[in-house]
Amino acid sequence: MQSKPLFELRDVSYTYQALKSPPFTALRNVSLSINHGEFVAIIGASGSGKSTLMHLLGLMSEPSTGSLAVAGARVSDLNSDAKSESRNKTIGFLFQQFFLLPQMTVLENVLL
């Protein structure tokens with residue numbers, strides 16, 4: 001029996017909408033499946049959309065168009081609490097920036 005992919009993106013695009021700048025499309029029509037247990041490297045030139053893709057996979061943003069599913073659940077159907085639970089129990093997420101809680105030890109931050 002084949003399980004559903006951990007991540008499944010279908011024709012995903014993401015456009016940044018800045019107040020005083022024209023819209024900027026960082027991802028355009030990306031389709032990708034990542035199965036449980038796979039190791040994946042996301043590489044590319046600066047500005048190619050790597051961080052935007054990671055924010056989508058980490059459920060920090062939603063696609064402008066297309067669909068994203070995590071463990072078979074469509075992200076657009078999840079509320080904020082369900083996304084937080086998915087980040088906590090299904091995918092895990094380490095930020096590129098250091099978003100550490102200063103009142104906690106390094107070990108406590110990692111465990112969190």
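Q: What should I know about the model and the numbering before we start?
A: It is a predicted model, where local features need pLDDT of at least 70, side-chain atom pairs count only at pLDDT 80 or more, and totals for chains, interfaces and linings use all residues. Residues are numbered from 1 along each chain as its sequence is written, and side-chain values use heavy atoms, with hydrogens and water left out.

Q: How many helices and strands are in the chain?
A: Three helices and four strands. Both are DSSP runs, numbered from the N terminus: helices are H or I with at least four residues, strands are E with at least two.

Q: What pattern do they follow along the sequence?
A: The pattern reads β-β-α-β-β-α-α.

Q: What does the C-alpha trace span?
A: About 50 × 40 × 30 Å along the principal axes.

Q: And the accessible surface of the chain? What does it come to?
A: About 8300 Å², and 56% of that belongs to carbon and sulfur atoms. Areas come from the Shrake-Rupley method with a 1.4 Å probe; for residues, only the protein chains shown count as cover.

Q: Which strands does strand 1 join, and how do they run?
A: Strand 1 (residues 7-16) runs antiparallel to strand 2 (residues 24-34), with seven bridges between them. Strand 1 is also antiparallel to strand 3 (residues 65-70), through five bridges. Strands pair if DSSP finds at least two bridges between them.

Q: Switching to the largest nonpolar core. Which residues have the most contacts inside it?
A: Phe-7, Leu-9, Leu-57 and Leu-68, in a core of 15 residues. Strand 1, strand 2, helix 1 (50-57) and strand 3 each give two or more residues to this core. Strand 1 gives the most, with four. A nonpolar core is a set of buried Ala, Val, Leu, Ile, Met, Phe, Trp, Tyr and Cys residues joined through side-chain atoms within 4.5 Å.

Q: What is Leu-9 in contact with?
A: Leaving aside neighbours within four places in sequence, Leu-9 is in contact with Val-30, Ser-31, Leu-32, Leu-53, Leu-57, Ser-67 and Leu-68. Contact means heavy atoms within 4.5 Å.

Q: Ser-13 next. Is that one buried or exposed?
A: Ser-13 is buried, at 8% relative accessible area. Buried means under 20%, exposed over 50%, partly exposed in between (1.4 Å probe, protein chains only).

Q: What does the side chain of Ser-13 reach?
A: The backbone nitrogen of Asn-29, at 2.9 Å. Beyond neighbours within four places in sequence, contacts of Ser-13 include Leu-27, Pro-63 and Thr-65.

Q: Where is Lys-83, and is it buried or exposed?
A: Lys-83 is in helix 2 (residues 80-91). Lys-83 is buried, with a relative accessible area of 13%. With neighbours within four places set aside, Lys-83 is in contact with Leu-59, Glu-62, Val-75 and Leu-78.

Q: How many aromatic pairs are there?
A: One. The rings of Tyr-14 and Tyr-16 have centres 4.8 Å apart and planes at 75 degrees, so the pair is edge-to-face. Rings of Phe, Tyr and Trp (its six-membered ring) pair if their centres lie within 6.5 Å; planes under 30 degrees apart count as stacked, over 60 as edge-to-face and the rest as tilted.

Technical notes. A polar contact is a pair of N or O atoms within 3.5 Å; within protein, one must be able to donate a hydrogen and the other to accept it, and residues adjacent in sequence count only if both atoms are side-chain atoms.
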